[in-house]
Amino acid sequence: MPFKMILQFEKTESVKYISQLDMLRAFHRALRRADIPIAYSEGYNPQPKISFAFALSVGLVSHGEYLEATLKELTAPEEFIRRMNAVLPKGLQFIDGCLLPPESNFSTGKSVNCASFSAQITNLSENADTFAEHLRQAAFQEQVWIEKHTKKGVSVIDAKEGIYEFSANSTGENTILADFTLALSEKFTIRADDFLKAVTKGTNSTYTYVKNNTLIKRDGEYISPVEYVRRFE
């Protein structure tokens with residue numbers, strides 16, 4: 001009987017430029033080195049049964065990515081994490097995990113609907129407190145037009161319904177910290193970079209940002225997939 005596990009991992013500064021394919025290969029190597037009893041697909045070229053919830057953009061640091069793994073033998077999540085972290089390259093580390101109940105049909109990719117981010121905004125064109133208010137007004141107006149970049153090209157859409165939370169506060173003479181939560185799902189996604197370009201449009205400011213977590217919004221609460229499984233599955 002296979003055992004399915006949901007695992008949270010982070011991709012930090014030292015490996016932020018590796019591609020999704022290279023990251024998958026790193027996990028495959030680690031599974032072998034850690035002697036994890038991972039299940040394999042059938043067919044001519046069997047592959048370890050692991051999958052990511054969503055692809056992470058190259059160059060982005062994230063503390064809340066999720067991987068689903070199917071194991072041949074029952075293994076405690078804590079043991080899986082300990083053995084994998086001992087052999088993974090620096091910058092890729094598992095943080096949390098849980099087993100899915102045998103009867104559960106939970107899918108991380110189909111269940112998550114948003115992601116949280118933090119951005120540091122610098123080179124402000126005005127007083128930091130005034131600029132922070134400018135950002136709040138831009139994020140909370142009735143319509144927030146963004147340029148949405150896809151493989152098919154660029155389109156302009158109203159992102160208002162996909163902006164769930166936003167705050168901006170001065171942290172220094174010329175620096176603002178913005179925290180925000182945006183839609184992320186198979187049906188509707190607002191990219192953090194597109195959103196930040198929209199709210200800082202017309203200024204000379206610059207920004208860097210990180211992804212804090214991938215989340216499930218339920219009844220006004222934001223829950224990680226691992227915590228969701230623990231509480232509701």
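**Cysteines, helices and pockets**

Tutor: The sulfur of cysteine 98 lies 18 Å from the closest cysteine sulfur, that of cysteine 114, which is too far for a bond. Please keep in mind that this is a predicted model.

Student: How many disulfides does that leave by this rule?

Tutor: The count is zero. A disulfide requires two cysteine sulfur atoms within 2.5 Å, and cysteine 114 is in no disulfide, with the nearest cysteine sulfur, that of cysteine 98, 18 Å away.

Student: Is cysteine 98 buried or exposed?

Tutor: Cysteine 98 counts as buried, at 6% relative accessibility. Cysteine 114 is buried too, with a relative accessible area of 0%.

Student: What does threonine 181 contact, leaving aside its neighbours within four places in sequence?

Tutor: Its contacts are Cys114, Ala115, Ser116, Gly162, Ile163, Tyr164, Glu165 and Tyr222. Threonine 181 lies in strand β9 and is buried, with a relative accessible area of 4%.

Student: Turning to the helices, which residues of α5 are buried?

Tutor: They are Ala192, Asp193, Asp194, Phe195, Leu196 and Val199. That makes six of the eight residues of α5, so the helix is largely enclosed by the rest of the structure.

Student: And what covers them?

Tutor: The cover over the buried residues of α5 includes β5, α4 (128-140), β6, β8 (163-172), β9 and β10.

Student: Which residues of α6 are buried?

Tutor: In α6, which spans residues 225-232, the buried residues are Pro225, Val226, Tyr228 and Val229. Seen down the helix axis, they fall within an arc of 160 degrees, so they line one face of α6. Among the elements covering them are β1 (3-11), β3 (62-71), β4 (92-99) and α3 (108-111). β10 (206-218) and β11 (221-223) also belong to that cover.

Student: Now the pockets. How much space lies in the largest pocket?

Tutor: The largest pocket holds about 510 Å³ of space. Its lining comprises 25 residues, and Ala55, Ser57, Leu184, Thr189 and Arg191 lie nearest its centre.

Student: Which element gives the most to that lining?

Tutor: β6 does, with three residues. At least two residues each come from β5 (114-122), β6 (145-150), β9 (175-183), α5 (192-199) and β10. By class, the lining of the largest pocket has 13 nonpolar, six polar and six charged residues.

Student: What is the volume of the second largest pocket?

Tutor: Its volume is about 250 Å³. The second largest pocket has 14 lining residues, with Trp145, Ile146, Glu147, Ala198 and Lys201 nearest its centre.

Student: How many cavities of 30 Å³ or more does the structure hold?

Tutor: The structure holds one cavity of that kind. About 40 Å³ of space lies in the largest cavity.

Student: Which residues line the largest cavity?

Tutor: Its lining consists of Ala53, Phe54, Glu65, Tyr66, Leu184, Lys211 and Thr214. Four of these residues are nonpolar, one is polar and two are charged. β3 and β10 each supply at least two residues of this lining. Leu184, listed here in the cavity lining, is also among the residues that lie nearest the centre of the largest pocket.

Methods. Residues numbered from 1 in each chain as written. Predicted model: local features only at pLDDT ≥ 70, side-chain atom pairs only at ≥ 80, totals over all residues. Heavy atoms only, no water. Buried < 20%, exposed > 50% of the residue type's maximum accessible area, 1.4 Å probe, protein only. Helix = DSSP H or I, 4+ residues; strand = E, 2+ residues; numbered from the N terminus. Arc of directions from axis to C-beta. Contact = heavy atoms within 4.5 Å. 1 Å grid on protein atoms, 1.4 Å probe; cavity = no way out; pocket = protein on both sides within 12 Å on 5 of 7 lines; lining within 4 Å. Points joined across faces, edges and corners; volume = space filled by probe spheres on them. Nonpolar A, V, L, I, M, F, W, Y, C, P; charged D, E, K, R; others polar.
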